[in-house]
Amino acid sequence: MTNRFIQIFFFFCLSCSGCNAQNSALSKPQKYEFRAAWIATVENIDWPKRGQYNSELQKQDFIRILNEHKKSNLNAVFVQVRDACDAYYAKSTEPWSEFLTGQQGKFPTPFYDPLNFMIEEAHNRNLEFHAWLNLNRATFKKSRTLAPDHISVTKPEWMLVYDGQKLLNFGIPEVRKYITDVVVQIVKNYDVDGIHFDDYFYPYEVTGEVLKDEETFKKYNGGIKNINEWRRSNTDSLIYQISDAIKKIKPRVKFGISPFGVWRNFSLKNPDGSCTQAGLTSYDNLYSDTRKWLQQGWIDYIAPQIYFEHAHSKIPYNELALWWKDNTFGKHLYIGQGIYKIKAGWSLTEAPKQIRFNRENISSQGSIFFSSRSLTENYGGFQDTLRRNYYRFPALIPAMPWKDSIPPLAPQKLLVLKNDKGIPVLTWQPGEKAVDDDLNNYYAVYRFEKGEKPDLTKAEKLIYIGKLNTFEDTVAEKFRGYIYCVTSFDRLHNESEDYAMFTTEYGYESSK
């Protein structure tokens with residue numbers, strides 16, 4: 001062989017080895033993985049479409065979005081229902097959002113309750129529904145309309161003006177109670193699975209702007225001498241109040257935060273920070289000590305917005321993701337993936353690389369993608385990549401044992417019969433109430449080869465997750481026998497310890 005031929009030969013071998021390793025990682029199914037998208041309503045980013053104020057058209061479009069995400073085997077959605085002290089739901093003291101109806105305070109036409117509708121449609125598809133609220137914003141720089149009963153009008157003394165918009169002043173105890181009451185209204189009146197806040201606490205710093213809350217600090221400092229510490233204390237108090245209220249009303253409802261990705265940079269004075277060089281941090285600039293909230297058990301999950309690529313010079317993705325792995329204190333970690341950046345020039349390999357890294361190195365409980373349209377519009381073919389590779393099998397939402405660790409009872413009386421097309425049709429009965437009074441909320445069907453010992457840890461055997469107690473196995477081979485196992489899950493995703501089982505054979509079916 002010539003030297004040139006040897007070089008080409010070894011390059012070809014290495015390339016194939018890399019492809020095989022990559023395909024192996026892509027094809028490995030995950031039994032438990034949180035998979036979600038943020039559906040942003042502010043400025044009509046994802047829903048409803050700008051200028052689409054007819055309720056029926058809004059409903060159709062939301063159903064389209066859910067169906068797209070269900071096809072991608074997502075299992076949760078985060079829908080923004082409060083943009084700026086406004087509402088996308090009827091049972092609210094705040095006015096209807098201008099992004100929903102074209103004018104703040106104007107009722108939907110024909111009238112409907114979007115939040116009720118969205119929750120029902122999500123649950124019908126066995127998708128968790130998390131109500132996503134903005135905490136601090138009262139008005140936008142370019143607000144087109146403002147209702148006369150808006151809080152910025154009725155309570156001007158509660159407002160801070162910063163960078164051309166009005167913000168709620170967290171330093172005032174009545175403001176913190178007001179925000180908590182907004183959350184309580186949702187939790188009491190709607191069947192949400194979670195309450196979710198993003199990264200807006202105190203405002204992102206703007207050059208030349210000063211946050212004028214000195215008078216509030218003088219009045220409500222409670223002995224705290226440093227204004228920065230006082231601001232963090234205000235945010236701590238707000239998060240604790242909300243957490244405590246949710247637990248008292250509906251302890252099954254999850255509470256989580258999606259902060260700016262960097263809590264604090266590492267330094268000799270701050271050895272707990274990440275090895276990053278961020279220009280701002282959640283702790284020092286936004287006055288939100290998210291790490292403390294996890295440590296204290298005030299929140300159930302964290303979804304840091306790690307919208308940085310692997311090769312970022314100051315905030316490399318890997319470094320930050322690894323830091324969060326070590327700082328969740330037993331709570332769930334869902335990585336916020338900035339796939340919208342694909343349209344802004346991200347390499348098409350970046351987002352898949354991040355998912356592989358999450359699975360192989362940090363064992364996160366899953367991902368939340370920003371934003372929904374980045375998937376439904378298939379930026380860079382990423383939705384196709386999820387469907388073909390990473391999410392080609394369904395996955396179960398990981399349980400939260402600190403909220404509920406009692407499994408439901410297994411389904412009963414599984415029967416498998418073939419229809420007139422020869423397709424196996426499974427039907428079963430729900431299990432009885434568990435000791436904590438939980439009923440079966442949804443089911444999983446596993447399929448094994450005849451003679452194979454059922455092993456429910458094998459994610460590739462999972463062929464159905466859903467609420468219906470019937471399932472058609474349309475991909476079953478006509479002349480093969482199978483073992484089917486069906487388990488049940490409660491609302492917080494605990495799986496039954498036992499299962500219903502049925503064995504089919506060619507020419508007849510026999511129950512076991």
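Let me begin with a convention: helices are DSSP runs of H or I with at least four residues, strands are DSSP runs of E with at least two, and both are numbered from the N terminus. What I am showing is a predicted model, in which local features need pLDDT of at least 70 and side-chain atom pairs count only at pLDDT 80 or more, while totals for chains, interfaces and linings use all residues. Residues are numbered from 1 along each chain as its sequence is written, and side-chain values use heavy atoms, with hydrogens and water left out.

With that convention in hand, I will start at a glycine. Gly-171 sits in the loop between β5 (165–168) and α6 (173–189). Is Gly-171 buried or exposed? Its relative accessible area is 1%, and it is therefore buried, where buried means under 20% relative accessible area, exposed means over 50%, and partly exposed is what lies in between, using a 1.4 Å probe and protein chains only. Taking contact to mean heavy atoms within 4.5 Å, and leaving aside residues up to four places away in sequence, Gly-171 touches Arg-176, Tyr-202, Thr-216, Tyr-220, Trp-230 and Asn-234.

Let me now step back to the whole chain. The secondary structure amounts to 14 helices and 18 strands. For 512 residues a compact globule would have a radius of gyration near 24 Å, and the chain, at 25 Å, agrees with that; the radius is taken over C-alpha atoms, and the globule rule is 2.2 Å times the number of residues to the power 0.38. The C-alpha trace spans about 80 × 70 × 45 Å along its principal axes. Of the 512 residues, 55% count as buried, and among contacts with a separation of 6 or more, 71% come from residues 24 or more positions apart. The accessible surface is about 22,700 Å², with 52% of it belonging to carbon and sulfur atoms; these areas come from the Shrake-Rupley method with a 1.4 Å probe, and for residues only the protein chains shown count as cover.

Next, strand β1. How many of the six residues of β1 (residues 34–39) are buried? Six of the six are, so the strand is largely enclosed by the rest of the structure. In a regular strand the side chains alternate between the two faces of the sheet. In β1 both faces are covered, with Phe-34, Ala-36 and Trp-38 buried on one side and Arg-35, Ala-37 and Ile-39 buried on the other. Two strands are said to pair if DSSP finds at least two bridges between them, and β1 runs parallel to strand β10 (residues 366–369), to which four bridges join it; there, Arg-35 has Ser-367 as its bridge partner. Four bridges also connect β1 with strand β2 (residues 76–82), again in the parallel sense, and Trp-38 stands opposite Phe-78 in that strand.

The loops around this region deserve a look at the backbone. In the loop between β1 and α2 (55–71) we find Pro-48, which is joined to Trp-47 by a cis peptide bond with omega of about -15 degrees. A cis bond also runs from Thr-109 to Pro-110, with omega near -15 degrees, and Pro-110 lies in the loop between α3 (98–101) and α4 (114–124).

Where is Cys-85? It is in the loop between β2 and α3, and its phi is near 50 degrees, a positive value in a residue other than glycine. Cys-85 is buried, at 1% relative accessible area. Lys-413, which is not a glycine either, has a positive phi of about 55 degrees, but Lys-413 counts as exposed, at 69% relative accessibility.

Five bridges join β11 to strand β12 (residues 424–429) in antiparallel fashion, with Leu-417 opposite Val-425. The two strands form a hairpin with five residues between them, and Gly-422 in the turn has a positive phi of about 80 degrees. On β12 there are also three bridges to strand β15 (residues 470–472), likewise antiparallel, and Thr-427 stands opposite Thr-470 there.
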